[in-house]
Amino acid sequence: MKKRILVPLLAIGILITTASASYKSDFFEIAKQIEIFTTLFKELNMNYVDETNPAELMDTAITAMLADLDPYTNYWNQQEVEQAKIQNFGQYTGIGANVFTQEHKIKLMEIYQGYPADKAGLKPGDEIIQIGDVLLKDFDEDAGELLKGAPNSKVNLKYIRQGKTEQTTLTREAVEIKAVPFYELTSDKIGYIVLSKFNRKASAEVATALKNLKEQGAEKIILDLRGNPGGLLTEAVNVTNIFVPKGEIITTTKSTIEKYNQVYKTQKDPMDTEIPLAVLINGKSASASEIVSGSLQDLDRAVVIGARSFGKGLVQRPKQLSYGTQLKITISRYYTPSGRCIQALDYWNRDQDGKATKTKVEDYNEFSTRNGRKVYDGGGILPDIKLETSEYSAVTNALLKEQIIFNYATQYYYAHPEIKLDNFVFTDKDFGEFKKFLQKADFSYETDTEKQLKELMLTSKKEGYQEAIAKTQQKMLQEIEAAKQQQIDAKKHEIERLLSDEIIKRYHYEEGLYTYYLSHSPEIKKAKEILNDAAAYRNILN
């Protein structure tokens, strides 16, 4: 006899939460749709020919519903809620590693120095296949949860390294996720601060770093937000407050729901409103990073250097649901002090294929900074000084996505026993070896041009022109493929930098990479050049 399934309150909770603004204007339509859904779900689970899994069906329904909105409106199960708390509060009990969960195995992507995974001898690239008595090939749930446990508890691990199966015993302990993993004073009295995330400790850690650097003699500051994906909006305001006076508008949020229309001002006395400041950003600097860099740019408080930022101008807020779950929902858009919304993708006016459309450059709106400089909306934060070295091309992004750069760094590490941080150079010979590795890895990626060409062929087939243009299409695809191969060499400077970064972390961890940046990063070199030239610094801001 088929088991009767009660309709989870979760579905009703989500529908009510996401539709709270509409309740006032169309209560009947919402109530009607909830009733239809609950009766459908009940009948499906009670009468379907095979045994159903209500939780999986509900996850599918929720995922499909939220896919029509934006990628930041997400349903979180209990495990994901806990993970979000870790990111926000900055401390958890675990192994001290960044992991990538694949089907039936866990791949270690980065090991944090001095934490359990490091002490147990684990390395990036190791693939965990057994945790305690659990073989991951037989485990269908989130294997990452098996790595968590009480402080000082031990767990035996089996893993594959370079084709060989090895084992170790790991002792779990408290792991602190630092918002500021590195800061240092350079020889020319410039303080360098890396802010990697906006958790609840972000502004406090930046303030501590600035205080210590000034005590050491810092007269100028570089704030590195490259690769920072964002986090808490309030901490973005607090970080900016360190450098700008109390009472300044840093960001404004606007929504169709009146209570979410808010103005965020600095609440505290600043630490230093005069010290020359350069902010580094790139295409992976998003959300809270864009609030900080955008507001400092609008207020003419800092010179922004690097590449155009990601372009996320949307604000999310978690809403509590039943059974410890949450809905992280987009509630508003945020605007910089000049009035810019830097959201790059439009999820509400999609193209014919249902994809979000990107704001065209010609559609950007012009705004003015406090000193009258021109700035624009619609496409992230455009730096005051653009550097090609900060940008990632399509081929580079594809290499990152397919973990080709990561995997080559793993091979390099085991082929070279040691590298010295002060004189490491990724040579032309090394790049040649990388290209050989690329061929063996059978690396390929599809360009937007190829996608559009294939769509054209589908259309031509429907209209009866397929044979007429088949040869032309084949020739174009061959020419595109040849051009793609040339891109590896054309974008050599981008690829070499990422390879160098990944290789250095294998030997000298995260701290070693930032130390290397101080003498090798083009963005830091440019920032130093501007900060050391008072006239150039003033000219940019004025």
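Which residue is the bridge partner of V194 in β12? In this predicted model, the partner is D224. The pair belongs to a parallel arrangement: strand β11, residues 190-194, runs parallel to strand β12, residues 220-224. The two strands are joined by 5 bridges.

β11 and β12 are part of an open sheet of 6 strands. The strand order is β10-β11-β12-β15-β16-β23. Pairing within the sheet is mixed. The edges are formed by β10 (182-185) and β23 (385-386). Each edge strand has a single partner, so one of its sides is left without a neighbour in the sheet.

Helices lie against this sheet. Helix α6, residues 202-215, lies across β10, β11 and β12. The helix runs at about 160 degrees to β11. Helix α8 also packs on the sheet, where it touches β12, β15 and β16 (303-306). The direction of α8 makes about 140 degrees with that of β15.

The loop between β15 (277-281) and α8 (288-298) holds S287. This residue is not a glycine, yet its phi is positive, at about 55 degrees. S287 is buried, because its relative accessible area of 10% falls under the 20% cut-off.

A positive phi also occurs at D442, likewise a residue other than glycine, with a value near 55 degrees. D442 is found in the loop between α11 (428-440) and α12 (448-463). Its relative accessible area is 64%, so D442 is exposed, the cut-off for that class being over 50%.

Conventions
Residues numbered from 1 in each chain as written. Predicted model: local features only at pLDDT ≥ 70, side-chain atom pairs only at ≥ 80, totals over all residues. Heavy atoms only, no water. Helix = DSSP H or I, 4+ residues; strand = E, 2+ residues; numbered from the N terminus. Buried < 20%, exposed > 50% of the residue type's maximum accessible area, 1.4 Å probe, protein only. Pairing = 2+ DSSP bridges. Contact = heavy atoms within 4.5 Å. Axes fitted to C-alpha atoms, helices over the stretch in contact; angles between N-to-C directions.
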